[in-house]
Amino acid sequence: MYSEKVMDHFNNPRNMGEIENASGVGTVGNAKCGDIMRMYLDIDDNNVIQDVKFKTFGCGAAVATSSMATELVKGKTVQEALEVTNKAVMEALDGLPPVKVHCSLLAEEAIHAALWDYAEKNNITIEGLEKPVNDISEKEEEVEEEY
């Protein structure tokens with residue numbers, strides 16, 4: 001069963017849409033289930049995320065994790081956004097069924113992909129940011145072992 005928060009973010013997603021001329025855009029998917037998530041970041045000169053939007057093609061949990069992830073990074077610095085993990089997204093949603101944990105990983109990777117794009121566009125290095133994967137099914141098995 002899904003928590004009330006998951007259902008709320010699925011039925012009333014926050015920050016859905018796209019940002020024209022975004023500072024960073026990241027797209028990740030999961031080849032196993034077909035989910036695709038795109039995250040748009042608008043980052044100011046002080047490295048603060050002023051706005052964030054998402055577009056997700058996938059199940060209700062994918063939409064809910066996208067929505068929650070945008071809420072968790074909005075107003076944060078690039079470094080603070082980098083620290084938003086799939087566990088943080090799941091906790092903020094009061095949990096996910098084990099079969100849907102990969103959706104929170106998708107959200108984490110979408111944030112990282114958008115930050116990576118931002119860093120590349122601005123020719124900067126973000127401390128602790130690793131090149132994101134395009135297909136999270138590569139990482140999914142590691143995460144599933146934890147739950």
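Analyst: Happy to! Helices here are DSSP runs of H or I with at least four residues, numbered from the N terminus. Let's look at H2, which covers residues 60–73, in what is a predicted model.

Start with its length. H2 has 14 residues, and at 1.5 Å a residue they should span 20 Å; the C-alpha atoms at its ends are 20 Å apart, so the two values agree. After H2 comes Gly-75, which has a positive phi, near 85°.

Next, its surroundings. H2 is mostly covered, with eleven of its 14 residues buried. Among them are Ala-61, Ala-62, Val-63, Thr-65, Met-68 and Val-73. The cover over these buried residues includes helices H1, H3, H4 and H5 together with strands S2 and S3.

The axes of H1 and H2 come within 8 Å and cross at roughly 90°. Angles of 65 to 115 degrees count as roughly perpendicular, and H1 and H2 are therefore roughly perpendicular to each other. On the H1 side, Val-6, His-9 and Phe-10 make the contact, while H2 brings Gly-60, Val-63, Ala-64, Ser-67, Met-68 and Glu-71. Five residues of this contact are nonpolar, three are polar and one is charged.

Finally, the wider picture. The largest nonpolar core holds 39 residues, and H2 is among the elements that give two or more residues to this core, as are S2, S3, H3, H4 and H5. The most comes from H5, with twelve residues.

Notes
Residues are numbered from 1 along each chain as its sequence is written. This is a predicted model: local features need pLDDT of at least 70, side-chain atom pairs count only at pLDDT 80 or more; totals for chains, interfaces and linings use all residues. Side-chain values use heavy atoms; hydrogens and water are left out. Axes are lines fitted to C-alpha atoms, for helices over the stretch in contact, and angles run from 0 to 180 degrees between N-to-C directions. Angles under 35 degrees count as roughly parallel, over 145 as roughly antiparallel, 65 to 115 as roughly perpendicular and the rest as oblique. Contact means heavy atoms within 4.5 Å. Ala, Val, Leu, Ile, Met, Phe, Trp, Tyr, Cys and Pro count as nonpolar, Asp, Glu, Lys and Arg as charged, and the others, Gly among them, as polar. The expected span of a helix is 1.5 Å times one less than its number of residues. Buried means under 20% relative accessible area, exposed over 50%, partly exposed in between (1.4 Å probe, protein chains only). A nonpolar core is a set of buried Ala, Val, Leu, Ile, Met, Phe, Trp, Tyr and Cys residues joined through side-chain atoms within 4.5 Å.
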